[in-house]
Amino acid sequence: MTARPFALILSFSPIARDARVLKQVSLLAETHQVVTCGYGEPPVQSVRHIRIPDDCRVDDPQPNLLIRRRYRKAYWRMSGVRWVVENSPKGEFDVVIANDVEAVPIALALRAKRGVLADLHEYSPRLHDDRVLWRARNQPFLEWLCQRYVSRAQAWTTVSAGLAREYHDRFGFRPEVVTNATPYKELRETPVGSPIRLVHSGAGLRNRSLMLMAEAVETADADVTLDFYLTPNHPDHVDELRRFAELSTRVTVHDPVPYERLVETLHQYDVGLFVLPPITFNYRWALPNKLFDFVQARLGVLIGPSPEMAAYVRAHGIGEVADDFTVDATKRAVERLSRERVASMKENSSRCAAELSSGPQLETWRRVISDLGVGQAPRRIPSSPPTSQDPVRDRLVLLTNEYPLDRGDATFVANEIDALAAHFDEVVVFNFPGHGAWSFRSVPGNVRYGGSLKEATRAEAILRMVRPGTAARWVRAVWREVRHGRVGRKALPVIITTAAAAVRAGHPELRRAIRQRGVRTTVYAFWGMGAGAAVACLPRVSGRVAVRLHRYDLYEEVNGWLPLRGSLLTQPDVLLPISDHAAQYLRQTYAWPDLSPVVVSRLGTRDWGAAPRPSDMSELTVVSCSAISPVKRVALLLRALKEVSVTVPVRWVHFGDGPLRSQVEREAALLEDARFRIEFRGQTPNSELMSFYLNNPAHVFANVSDSEGVPVSIMEAMSVGIPIVATRVGGVAEVVGVEKGSGTLVDATATAAEIAEAIRWTAGAKGLDPRVTWNRLSNADTNVRTLLKELLP
């Protein structure tokens with residue numbers, strides 16, 4: 001008989017009293033030899049239990065380490081973490097279920113043969129976001145744990161759709177939802193009492209607004225009572241509620257009952273009451289077990305307008321939703337409870353009890369656990385090399401600024417990623433993100449996030465630099481800058497920037513991705529800055545290395561001295577400027593004997609289809625899309641359009657944001673009138689931008705920047721057929737011009753009056769067809785072939 005696989009259920013909780021973890025135990029016991037690790041007594045006698053001492057905690061990271069952002073030390077030095085690591089066997093388990101964020105790093109370290117399921121009971125990074133000190137000190141630590149460890153699990157589950165969305169948007173993994181549903185109970189609804197009997201069971205916490213519910217019932221103009229069954233989490237608050245109840249004829253406070261008797265206790269009541277003001281993120285998206293307890297007890301439900309709970313209540317007709325979370329709104333909801341209405345709610349609870357029981361939820365867990373290690377691309381690169389029997393694979397390491405975050409260069413990279421994913425077995429993305437919320441784009445199935453090259457602490461940077469290989473590559477990078485005459489008075493910046501490049505190149509996941517045996521790895525830096533700076537100090541790569549160059553990472557006359565030119569322009573196998581102008585600039589400015597081969601590889605955009613052309617010239621619609629920054633000169637365009645409006649009314653719609661927005665808006669307020677309508681749409685998702693183009697016929701797209709590469713914004717407008725007016729800078733003249741049929745060029749020094757005249761002419765010109773030019777020069781499907789030709793061996 002084949003031995004059953006081993007499974008570890010790790011939870012820093014008293015497992016015997018943790019309803020959710022007990023469900024995991026009973027489920028896995030059907031197919032696995034189960035070992036539990038947690039506080040307190042064994043959950044059942046039939047499983048082996050590793051009991052964590054009560055004084056070994058995971059809620060005690062050293063504050064000084066958190067303040068100094070020494071998160072690795074803060075985690076691995078916690079007493080509970082140290083104890084579990086020292087007392088749990090490595091490599092013994094086939095599957096590990098890690099309950100909550102704090103358990104996941106240990107689970108990964110135990111090297112389960114089939115993988116780790118992270119079951120996330122809360123959105124941990126915002127667990128106590130109502131506390132200022134906690135937000136400042138603990139929230140970044142928990143975000144670091146999620147980004148560095150939880151994202152590397154093989155599967156994830158959580159308790160509600162709202163939490164699942166937040167984990168996906170912030171960290172890039174999407175947990176499946178397994179609700180805290182209660183096991184099915186074979187009960188029938190009881191007749192509605194007189195008075196109507198309300199009940200609440202749960203934690204006696206001050207921030208649960210228990211007094212709100214008590215006051216609403218006490219003051220309601222209705223024949224009702226309310227009984228509380230509370231655990232004494234905050235004994236003083238429970239005592240306060242008891243004193244309130246002593247003076248009340250409607251409210252009673254009881255001691256808690258054991259969980260196994262809870263549903264039977266609730267069954268004697270009519271309506272379960274739970275109004276939870278959204279004072280924290282987790283409270284807002286709460287979908288608690290008590291909702292499902294009420295259903296199994298065949299009760300009606302009265303709740304506040306919490307989105308997750310309200311969706312269930314309304315979909316199944318099992319209760320009443322208060323208008324808001326105040327005492328008055330709750331009182332009004334209580335007053336709407338008639339005996340007939342409550343009877344209907346109880347009948348509906350009885351009808352949906354099987355559907356809303358834990359049975360269907362356990363099937364999700366069963367499937368997820370069964371799929372672990374089966375047909376999955378690993379989320380994390382294996383630390384051990386493949387055997388000689390493993391097939392040779394092609395991996396692309398893609399270095400970006402922001403992508404796969406949904407901001408910055410995400411739109412540009414997204415135009416290429418499908419083709420890259422189709423031609424490589426695996427694409428691993430490393431970025432160098434700026435500040436802001438982490439919301440990830442959807443990516444092809446074989447694309448995964450390797451990590452941020454910006455995340456190294458000072459200690460990690462020093463450790464990387466003292467590695468002999470890294471130090472040697474840093475010295476060689478410095479020497480290349482010296483040899484190419486790039487130092488001069490920039491000695492200190494050269495030392496600092498080359499050291500920073502060495503630290504980025506020394507990122508452990510990047511090194512593993514590049515140096516894994518049996519895998520041919522190609523490196524493609526989308527920019528000559530950000531994560532792309534790592535190219536200056538990369539170890540030897542088995543495939544090709546390519547660096548794409550745009551504007552801010554190329555033109556030193558515009559952007560000032562740029563670092564790492566001696567390495568970034570000589571070490572790659574190929575340089576990929578986005579325009580002929582950029583290629584000529586490279587060859588003339590860096591006319592070095594060892595300059596890497598230069599091949600023009602144009603950016604492109606996807607085909608959104610053609611927009612309808614405007615039917616008349618009674619009002620010109622002009623669109624623009626750019627940052628509102630000095631180089632983009634949006635104020636100059638504003639003044640030009642004001643001049644246009646003298647002869648024909650103008651509607652101007654600008655997409656984009658930036659440091660000069662308030663200044664430009666103030667000037668616009670002075671110039672706007674009945675003949676000149678102005679709309680500032682701000683930062684707009686790409687899909688919404690293109691939808692606007694397709695549904696709002698525009699006469700002209702305008703760009704008056706004094707420095708550009710070849711703007712993707714111009715390509716997008718051309719792709720739907722909008723004629724262009726743009727300045728003759730960078731590579732713009734390669735795609736815009738009357739002779740190209742795409743629009744009109746003006747000099748970079750053009751005045752507002754000259755730009756206005758170009759806009760008038762272009763709006764009325766016959767024979768312009770920008771889509772033809774776009775299809776020939778800026779179609780992503782065509783241009784990506786040039787890129788692939790240079791990347792593939």
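What share of the contacts in the chain between residues at least 6 apart in sequence join residues at least 24 apart? The share is 70%. The legends below refer to a predicted model.

**Figure 1. Overview of the chain.** The predicted model contains 32 helices and 25 strands. Along the principal axes, the C-alpha atoms occupy a box of roughly 85 × 70 × 50 Å. The chain has 793 residues, and 57% of them count as buried.

**Figure 2. The open parallel sheet.** Six strands make up an open sheet with parallel pairing, in the order β10-β9-β8-β11-β12-β13. Strands β10 (251-254) and β13 (319-321) are at the edges, each pairing on one side only. From one strand to the next, the twist averages 20°. Within this sheet, β8 (residues 196-203) pairs with β11 (residues 271-274) in the parallel sense, over two bridges. In this pair, V199 stands opposite G272 of β11.

**Figure 3. Helices on the sheet.** Two helices are shown against the strands. Helix α9 (residues 210-219) lies across β8, β9 (224-231), β10 and β11. The direction of α9 is at about 165° to β9. Helix α13 (residues 289-296) also packs on the sheet, where it touches β8, β11 and β12 (300-303). The direction of α13 makes about 145° with that of β8.

**Figure 4. Strands β1 and β2.** Strand β1 (residues 6-14) pairs with β2 in the parallel sense over six bridges. A7 stands opposite V34 of β2. Strand β2 (residues 33-39) is largely enclosed by the rest of the structure, because six of its seven residues are buried.

Figure 5. V81 belongs to helix α4 (residues 79-87). V81 counts as buried because its relative accessibility is 0%, under the 20% cut-off. Not counting residues up to four places away in sequence, V81 touches R57, V58, Y75, W76 and I106.

**Figure 6. The largest cavity.** Three cavities of 30 Å³ or more are found in a search of the whole structure. The largest cavity has a volume of about 70 Å³. Its lining consists of S624, C625, S626, K632, R633, V634, L637, H654, A702, N703, V704 and S705. Two or more of these residues come from each of β20 (620-625), α26 (634-644) and β23 (700-703). Sorted by class, the lining has five nonpolar, five polar and two charged residues.

**Figure 7. The second largest cavity.** This cavity holds about 50 Å³ of space. The residues that line it are F412, N415, E416, R602, L603, G604, A780, N783 and V784. Helices α18 (410-423) and α32 (780-791) are the elements that give two or more residues to this lining. By class, four of the lining residues are nonpolar, three are polar and two are charged.

**Figure 8. S778 in the loop between two helices.** S778 is in the loop that joins α31 (770-777) and α32. The residue counts as buried because its relative accessible area is 1%, under the 20% cut-off. Leaving aside neighbours within four places in sequence, the contacts of S778 are L603, G604, T605, M715, V735, T773 and N783. L603, G604 and N783 are also among the residues lining the second largest cavity.

**Figure 9. The covered helix α29.** Eight of the eight residues of α29 (residues 712-719) are buried, and the helix is mostly covered. The buried residues are V712, S713, I714, M715, E716, A717, M718 and S719. One of them, M715, is in contact with S778. The cover over the buried residues of α29 includes α18, β20, α28 (686-695), β23, β24 (724-727) and α31. Just after α29, G721 has a positive phi of about 95°.

Definitions and conventions: Residues numbered from 1 in each chain as written. Predicted model: local features only at pLDDT ≥ 70, side-chain atom pairs only at ≥ 80, totals over all residues. Heavy atoms only, no water. Pairing = 2+ DSSP bridges. Helix = DSSP H or I, 4+ residues; strand = E, 2+ residues; numbered from the N terminus. Axes fitted to C-alpha atoms, helices over the stretch in contact; angles between N-to-C directions. Contact = heavy atoms within 4.5 Å. 1 Å grid on protein atoms, 1.4 Å probe; cavity = no way out; pocket = protein on both sides within 12 Å on 5 of 7 lines; lining within 4 Å. Points joined across faces, edges and corners; volume = space filled by probe spheres on them. Nonpolar A, V, L, I, M, F, W, Y, C, P; charged D, E, K, R; others polar. Buried < 20%, exposed > 50% of the residue type's maximum accessible area, 1.4 Å probe, protein only.
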